[in-house]
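Please open the model in your viewer and keep the selection panel at hand. The tour begins with a sheet and then moves on to a pocket.

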Amino acid sequence: MRHKLGRIPEEGASGPRLDDFIDGGHGLAKLTTAIDWHLLESRLTPIHAETAHGRPSQARVIAGLAILRELYGLLDDALFQLWLENPYYQLLCGERVFQHQLAYDRAALVSGIRRLTHDKLAALVQAAISPAANIETANLPELSRLGVRLEAATPAAGAKGPPRRGRNGEKPVSIYDVAKRAGVSIKTVSLVINRRPNVSLRTRTTVLAAIDALAYKPNVFARGLASERSFLIGLLHDVAPGTYIADLQLGALARCREEGYHLMVELVNPALDTDLSQRVRTLLSESVLHGVILTPPLTDETVLMEELTRAQTPFVRIAPGTQIPRLSAICIDEYKAAYEMTAYLIGIGHRRIAFVKGKPDHGAARLRFDGYRTALKDAGVPVVEELCAQGFFTYQSGLEAGERLLTLKQRPTAIFAGNDDMAAGVMAASQRLNLRIPDELSLAGFDDSSVAQVLWPRLTTCRQPIKEMAATAVSILTQKHAPEQPQVCQLAHELVVRESTAPPPA
């Protein structure tokens with residue numbers, strides 16, 4: 001049975017009816033009618049059975065939000081914000097009139113969304129979608145991200161497909177094309193693109209449908225010229241990207257896309273740049289950056305910060321070693337997180353606990369090491385210097401540190417590595433020496449990067465919200481009005497216990 005866009009009782013309404021003004025040819029509208037929502041809801045209802053009067057079920061909302069998250073790669077904040085703005089998002093989630101608030105608790109929705117893994121969601125949608133629904137891949141190409149396979153529809157004789165422009169030398173779609181299709185001025189299109197509030201819901205919906213139909217992509221450079229400001233955010237790092245830098249890039253990229261900005265990633269290595277000041281000045285003059293995200297250890301590089309301040313380029317520091325007045329920063333409590341991990345290892349019986357330190361010039365590395373030492377002292381466990389190995393936040397340095405620690409005459413029963421990459425190296429060293437984890441050695445890391453879950457046994461680690469930290473930095477830089485005071489945001493960390501730790505052998 002296919003879901004139809006019917007009307008609902010007035011008591012469920014809080015705004016205009018969606019089916020009075022949405023475009024039925026929009027990709028999300030077609031997807032809404034193509035899915036057998038009764039099937040999806042029946043699979044989810046035993047878990048999410050709550051229903052608000054006059055509103056879609058909690059299961060329907062969770063399924064719709066999960067699909068949107070996967071289609072467009074949205075983080076939680078952006079997903080819920082766009083749901084409040086975009087009538088097609090609400091339509092997919094089962095609403096029949098435009099709403100100004102969700103019917104269910106946000107935390108419960110987030111929990112439900114996260115239970116729907118990519119593979120589970122793909123299987124559910126694949127089972128519930130009909131090939132006869134005539135959804136063209138060109139109209140909604142993001143469906144491939146869900147792993148949903150669509151059978152190609154055979155066009156009717158004489159039918160013309162959607163315009164394909166901007167390829168093979170054809171003229172690219174412009175803002176004028178969008179305005180013409182939507183029947184509005186280019187100023188109105190610009191207001192919608194920039195998410196300004198002074199556009200009616202009906203007009204906004206019409207413009208969004210035209211943008212999707214034409215596959216229009218705003219030109220970031222043209223926008224910069226028109227508004228006399230850049231739409232480029234720079235992310236600076238000092239080493240070849242590992243899992244930590246990769247996650248920062250993904251978080252920043254997703255939020256930049258949501259805000260209509262582009263991300264530029266640049267390698268800046270103070271150890272190799274003979275004239276760092278000139279390097280930064282050249283970068284700023286050539287790129288005209290709207291703002292800059294500094295990653296550790298650049299986040300504590302004085303010369304770099306001085307040049308950015310002199311150029312009046314806003315910047316946000318990620319995980320600084322020290323807080324500096326009048327500078328914005330995003331961090332977690334590195335010291336407390338490392339303290340808690342060490343205390344956990346002590347609590348399950350370990351006394352001979354080794355630590356693999358991060359790069360000496362990383363402020364966060366120092367804070368993590370300090371947390372480890374303090375936790376040992378508070379528990380009355382001596383700090384043994386031979387159990388403190390120097391690493392550099394890389395797999396190779398973890399491998400070398402692991403081989404040194406595990407060949408000591410009295411080896412440790414647990415090793416706490418300053419990040420997950422080094423923990424992976426330690427795990428490799430233990431395998432070379434035929435030591436079983438966690439039976440003969442407990443191992444913990446820090447970050448909860450992607451490598452923590454692909455190792456076996458899976459890695460106990462301290463989770464810091466890396467992608468959210470980068471996304472928050474972008475949000476600070478892209479605010480419509482610059483804040484009067486610098487913003488220092490400390491996000492929550494979490495101890496994640498997995499299979500790589502256990503009480504020490506008897």
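Select the six strands of the open sheet, which run in the order β2-β1-β3-β4-β5-β11 with parallel pairing; strands here are DSSP runs (E, at least two residues) and helices likewise (H or I, at least four), numbered from the N terminus, and two strands pair if DSSP finds at least two bridges between them. At the edges, where a strand pairs on one side only, lie β2 (262-267) and β11 (488-490). From one strand to the next the twist averages 20°, taken between axes that are lines fitted to C-alpha atoms, with angles from 0 to 180 degrees between N-to-C directions.

The model is predicted, with local features needing pLDDT of at least 70 and side-chain atom pairs pLDDT 80 or more, while totals for chains, interfaces and linings use all residues. Residues are numbered from 1 along each chain as its sequence is written, and side-chain values use heavy atoms, without hydrogens and water.

Next, select residues 315-318 (β4) and 328-331 (β5), which pair in the parallel sense over 3 bridges; the bridge partner of I318 in β5 is I330.

Now turn to the second largest pocket and select L75, D76, R114, K467 and E468, which among its 32 lining residues lie nearest its centre. A pocket is an open set of points on a 1 Å grid over the protein atoms alone, where a 1.4 Å probe fits, with protein on both sides within 12 Å along at least five of seven lines, and lining residues have an atom within 4 Å of a point. Finally, select α12, which gives the largest share of this pocket's lining, 5 residues.
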